[in-house]
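The following exercises ask the reader to work through a protein model step by step. Please study the sequence and the structure before reading the solutions.

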Amino acid sequence: MNRALFSMTMGLTMLAMTHTAHAADLALERYFSCKTQATGSFSAINGVRREFTVALTGRWNGKVLTLREDFHYSDGERDTKTWRFTKTGKGRYTGTREDVVGSTNVVIEGKVARFNYVVNLGTPAKPNRVHFYDRMELQADGSLVNTALVTKFLFPVARSKVVFSR
C-alpha cells in the first residue's frame, strides 16, 4: 500500500472513531443547555394513561444545570417542574426537584444515564410516595429516550416513556 493511501485510510479511520465516540457520549449539560422539547406518556396499572408534551429550557453555569420543564397534558392540565443537576465528576451528577424526596445520583456510561428517585405524588399532609427508576439513552438520530419504571412498596405500578429532541 502506498504511503499516501495508508495515511488517508488512517486519517479516515481516526475520524470515524472520534465521531463515533463523540456521538455515543451523553452529557446532561451538553444535551439540555438549550431549548428542547419532548413527548411522552405515563401508564399506571389502575388504567390511568396520560399523554403529554414538555417544553424544556436548560441553563448551564459551569457546575449546575438548571432544567425547567413545562408540561402540557392531553387533558389540558399544565405543570412546571425544575431539575437542578450538579456535576460531581465525569458522567456523575446529583439532582433535585421540588417534588423529589431528597436527591438522586445520576450515573452516565457512554450514551446511557441511569438514576432513581422518590417522588411524592400526594400532599405533605397525605403523602403518596413512589419510586422512579429512569434509564435515558442517546439515540443515533440525536433524540434522547427516557424510560422509567415506577414502583410502590417494591411493586411495579406504572411505566413512563419520554422522547426528547432538540
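## Exercise 1: The surroundings of Glu137

Task: State which residues Glu137 touches, leaving out those up to four places away in sequence.

Solution. Step 1: Glu137 touches Lys111, Val112, Ser143, Leu144 and Val145, when residues up to four places away in sequence are not counted; contact means heavy atoms within 4.5 Å. The model is predicted: local features need pLDDT of at least 70, side-chain atom pairs count only at pLDDT 80 or more, and totals for chains, interfaces and linings use all residues. Residues are numbered from 1 along each chain as its sequence is written, and side-chain values use heavy atoms, with hydrogens and water left out.

Step 2: Glu137 is placed in strand 9 (residues 129-138). Helices (H or I, at least four residues) and strands (E, at least two) are DSSP runs, numbered from the N terminus.

Step 3: With 19% relative accessibility, Glu137 counts as buried. Buried means under 20% relative accessible area, exposed over 50%, and partly exposed in between (1.4 Å probe, protein chains only).

Step 4: The side chains of Glu137 and Arg135 are joined by a polar contact of 2.8 Å. Such a contact is a pair of N or O atoms within 3.5 Å; within protein, one must be able to donate a hydrogen and the other to accept it, and residues adjacent in sequence count only if both atoms are side-chain atoms.

## Exercise 2: His131

Task: Determine whether His131 is buried, exposed or partly exposed, and find its polar partner.

Solution. Step 1: His131 is also found in strand 9. Step 2: Its relative accessibility is 22%, so His131 counts as partly exposed.

Step 3: Apart from neighbours within four places in sequence, His131 is in contact with Asn116, Tyr117, Val118, Leu149, Val150 and Thr151. Step 4: One of these residues, Asn116, has a side chain joined to that of His131 by a polar contact of 3.0 Å.

## Exercise 3: Salt bridges

Task: State how many salt bridges the structure holds, and describe the pair Lys87 and Glu29.

Solution. Step 1: The structure holds 10 salt bridges. A salt bridge is a side-chain nitrogen of Lys or Arg within 4 Å of a carboxyl oxygen of Asp or Glu. Side chains of opposite charge can pair when their charged atoms come close.

Step 2: Lys87 and Glu29 meet through their side chains in a salt bridge (2.8 Å, N to O). Lys87 lies in strand 4 (residues 78-89) and Glu29 in helix 2 (residues 28-32), so this pair ties together parts that are 58 residues apart in sequence. Lys87 is partly exposed at 24% relative accessibility, whereas Glu29 is buried at 13%.

Step 3: Arg50 forms a salt bridge with Asp75, with 3.1 Å between the closest N and O atoms. Because Arg50 lies in strand 2 (residues 49-60) and Asp75 in the loop between strand 3 (64-73) and strand 4, the pair ties together parts that are 25 residues apart in sequence. Arg50 is partly exposed, with a relative accessible area of 22%, and Asp75 is exposed, with 55%. Arg50, Asp75 and Glu77 are linked in a network of salt bridges.

Step 4: Asp99 and Arg97 also meet in a salt bridge (2.6 Å, N to O). Asp99 is buried, with a relative accessible area of 15%, and Arg97 is buried at 14%.

## Exercise 4: Glu69

Task: Locate Glu69 and list its contacts.

Solution. Step 1: Glu69 lies in strand 3 and is buried, with a relative accessible area of 8%. Step 2: Not counting residues up to four places away in sequence, Glu69 touches Val54, Ala55, Leu56, Asp79, Thr80, Lys81, Trp83 and Arg97.

## Exercise 5: The whole chain

Task: Describe the secondary structure of the protein chain and state what share of its residues is buried.

Solution. Step 1: The protein chain has two helices and 11 strands. From the N terminus on, the order of elements is α-α-β-β-β-β-β-β-β-β-β-β-β.

Step 2: Of the 166 residues of the protein chain, 34% count as buried. Step 3: Among contacts in the protein chain with a separation of 6 or more, 28% are between residues 24 or more positions apart.
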